[in-house]
Amino acid sequence: MAANQTDALTRKVDDYNSETDSDYTSYWRDWFVATRGHEYFCEIDEEYLTDRFNLTGLQAEVQYYQYALDLITDVFDFDCDDDIREQIEKSARHLYGLVHARYIITTRGLQKMLEKYKKFDFGRCPRVFCRAHPLLPIGLSDLPHTKSVKLYCAKCEDVYSPKSSRHASIDGAYFGTSFPHILFQVYPAFIPAKSNERYSPRCFGFKTHAVAALARWQEQKRDEQDRRLAQVGIEVKREDDDEPEGSSEGEEFSR
């Protein structure tokens, strides 16, 4: 009787493991986009992934390319050790990101990202005068492993770093440098009116004098230049500096 109970328990464990593996491999894309920190990604349609034309040039960019693609498209069937499996998983995530950059500038991809944009899934602009305008992810380079993803505000036309460290670690190449601008070309109705509001420095209610502001800016730039020259061993002497006795008049630089 004990043997029968053991066999029954073993069958249950095997059934659970096979069911878990099946669920995992059948919904890899669902798992990927649902993972915490992947909120910027949308799910790529299977038809797009299975069209080899859309993947042109990526085979040379991704290690274990075919296995990674099989994992993404839920047809992975390769018995390997844990180390190789981990490498394939890493390659699958990288491949998905590279394909994602291409997919989100297609008609279907733009529609999905627009829905996320309208729901503020990418966050809101931290600039006060943009009044929490929604942001869009953007890369500062189309080359992988170069720059992390940033967030673009169409109202002030500036970019910001994500607040979350999980988002800040995402490769900017997974979104590309053109995505937000293509989206607004396709959907011009979502282009916001530019804000003319700018912060104006004031003292006791009066605007800071423009000449004084310019003088402060010039002083700051002069100090920065002096520090750069000092780093290369050049000491700068100016007319308003206290000159030691016996120094030659008109001497500007001393090494």
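Reader: Which side chain does Glu 219 meet in a salt bridge?

Author: The side chain of Glu 219 meets that of Arg 222, with an N to O distance of 3.0 Å. A salt bridge here is a side-chain nitrogen of Lys or Arg within 4 Å of a carboxyl oxygen of Asp or Glu. This is a predicted model, in which local features need pLDDT of at least 70 and side-chain atom pairs count only at pLDDT 80 or more, while totals for chains, interfaces and linings use all residues. Residues are numbered from 1 along each chain as its sequence is written, and side-chain values use heavy atoms, with hydrogens and water left out.

Reader: Where do Glu 219 and Arg 222 lie?

Author: The two residues are in helix 9 (residues 210-231), 3 residues apart, so about one helical turn separates them. Helices (H or I, at least four residues) and strands (E, at least two) are DSSP runs numbered from the N terminus.

Reader: And how accessible is Glu 219?

Author: Glu 219 is partly exposed, at 37% relative accessible area, and Arg 222 is partly exposed as well, at 25%. The classes are buried under 20%, exposed over 50% and partly exposed in between, with a 1.4 Å probe and protein chains only.

Reader: Is Arg 29 buried or exposed?

Author: Arg 29 counts as buried, with 8% relative accessibility, whereas Glu 46 is partly exposed at 38%.

Reader: What does Arg 85 form with Glu 89?

Author: Arg 85 forms a salt bridge with Glu 89, and their closest N and O atoms are 3.5 Å apart. Both residues lie in helix 5, 4 residues apart, about one turn of the helix. Arg 85 is partly exposed at 23%, while Glu 89 counts as buried at 10%.

Reader: How many salt bridges does a search of the whole structure find?

Author: The search finds 10.

Reader: Turning to the surface, which residues gather in a patch of negative charge?

Author: Asp 81, Asp 82, Asp 83 and Glu 86 gather there. Patches are made of residues with over 30% relative accessible area and no salt bridge, like charges being joined within 9 Å. Asp and Glu count as negative, and the place of a charge is CG of Asp or CD of Glu.

Reader: Where is Asp 81 found?

Author: Asp 81 is in the loop between helix 4 (65-72) and helix 5 (82-103). Asp 81 is partly exposed, with a relative accessible area of 46%.

Reader: Finally, how many helices and strands does the protein have?

Author: The protein has 9 helices and 7 strands. Of its 255 residues, 32% count as buried. Among contacts between residues at least 6 apart in sequence, 58% join residues at least 24 apart.

Terms used:
Patches are made of residues with over 30% relative accessible area and no salt bridge: like charges are joined within 9 Å, nonpolar side chains (Val, Leu, Ile, Met, Phe, Trp, Tyr) within 5 Å. Accessible areas come from the Shrake-Rupley method with a 1.4 Å probe; for residues, only the protein chains shown count as cover. Contact means heavy atoms within 4.5 Å.
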